[in-house]
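Trainee: I would like to learn how to read a structure like this one. Please take me through a few features in turn.

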Amino acid sequence: MRIIGPDELVFGVDNLNACKDFLRDYGLAEKDNGKFEALDGTALTVREKDDASLPPPLPTATMLRQTIWGVEDQGTLDEIETELSKDRTVDKAADGTLSCVDDSGFQIAFRISTRTKLDLPAELINSPGAEPGRPANVIGADESVDAKPRTLSHVVYFVPDMDICANFYIERLGFVVTDKFTNTGPFLRPQANDDHHVLFVIQTPEYMQGLEHVAFHMQGPTELMLAGSRMVKKGYESFWGPGRHKFGSNWFWYFNSPMGAHIEYDADMDKHDGDWIHREVPMSKEASQIFLFENVEKWAPGGPPPGDE
């Protein structure tokens, strides 16, 4: 099945204004009806938790109401409808969007992806022994750039049974495992996306079920660091990072959000094809990241060491 990845996440929130402020500051563009878009149109949508248009909530504290998956074409939508209608109700909206519940109780939907194809420059680097990525007199450190999220990268679910959750996406929707933390959960990618993962499921107690975090791809590590530093300056609380993961190799920086989940900037994720053989290791601090930094106040040579001011 030619599923691309998450197109949109829909939330029912306690403090709508705080969520909107956060998403603006995070770098998403505000549209109508609580929708905030990355550069390619993938989005997060926030509404009051008692909004009648929202799907029903999970019986936990999570504010996520629905994950909308984008697919390549109508043929894929028809394939999904045929497959999932075998054992559950699949509702079909006037615009063709399909909605149902997965085997773990998450509200999910499928539509022909509304994302637009991006044609933007990559981060350019100069590396000894290679042709320069940036020509002479083009600077690499520019504090004036927008540093906007480019596309919705991945979602991470807390689930009471990682096998039930993962097997639904693998056996019914054609996702494949790229890597796995033993007794914790697998990283999954769909057929129409070569990113290391668009979905990661983590085994947790039942009362914790919900969205752990959602991530957006940035241009590269420099824009990730710039965007994260701006969030810190605006008073938002850094949760984890900056650093770089081992599985997926993506740079990361997570922030606490008023949507009851963490939101991550990520950059430079691995790509995989059908020749990849997944790795499996026990979950540990060493397995989770290759290195981890701590954001501190700026410092200039000649002053006291950072942190001693």
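**Leu118 and its surroundings**

Mentor: Apart from neighbours within four places in sequence, Leu118 is in contact with Leu39, Asp40 and Arg150; contact means heavy atoms within 4.5 Å. The model is predicted, so local features need pLDDT of at least 70 and side-chain atom pairs count only at pLDDT 80 or more, while totals for chains, interfaces and linings use all residues. Residues are numbered from 1 along each chain as its sequence is written, and side-chain values use heavy atoms, with hydrogens and water left out.

Trainee: Is Leu118 buried, partly exposed or exposed?

Mentor: Buried means under 20% relative accessible area, exposed over 50%, and partly exposed in between (1.4 Å probe, protein chains only). Leu118 has 32%, so it is partly exposed. Leu39, in the loop between β3 (35-37) and β4 (43-48), is partly exposed too, because its relative accessible area is 44%.

Trainee: In what order do the 8 strands of the open sheet stand?

Mentor: Strands of a sheet pair through backbone hydrogen bonds, either parallel or antiparallel. Strands (E, at least two residues) and helices (H or I, at least four) are DSSP runs, numbered from the N terminus, and two strands pair if DSSP finds at least two bridges between them. The order is β2-β3-β4-β1-β5-β8-β7-β6, with mixed pairing. Since β2 (29-30) and β6 (91-92) each have a single partner strand, they stand at the edges, and one side of each is left without a neighbour in the sheet. The antiparallel strands β6 and β7 (residues 98-101) are joined by 2 bridges, and Asp91 stands opposite Ser99 in β7.

Trainee: Where does Thr67 lie, and what is its relative accessibility?

Mentor: Thr67 lies in strand β5 and counts as buried, because its relative accessibility is 0%. Beyond four places in sequence, its contacts include Glu8, Ile108 and Tyr157.
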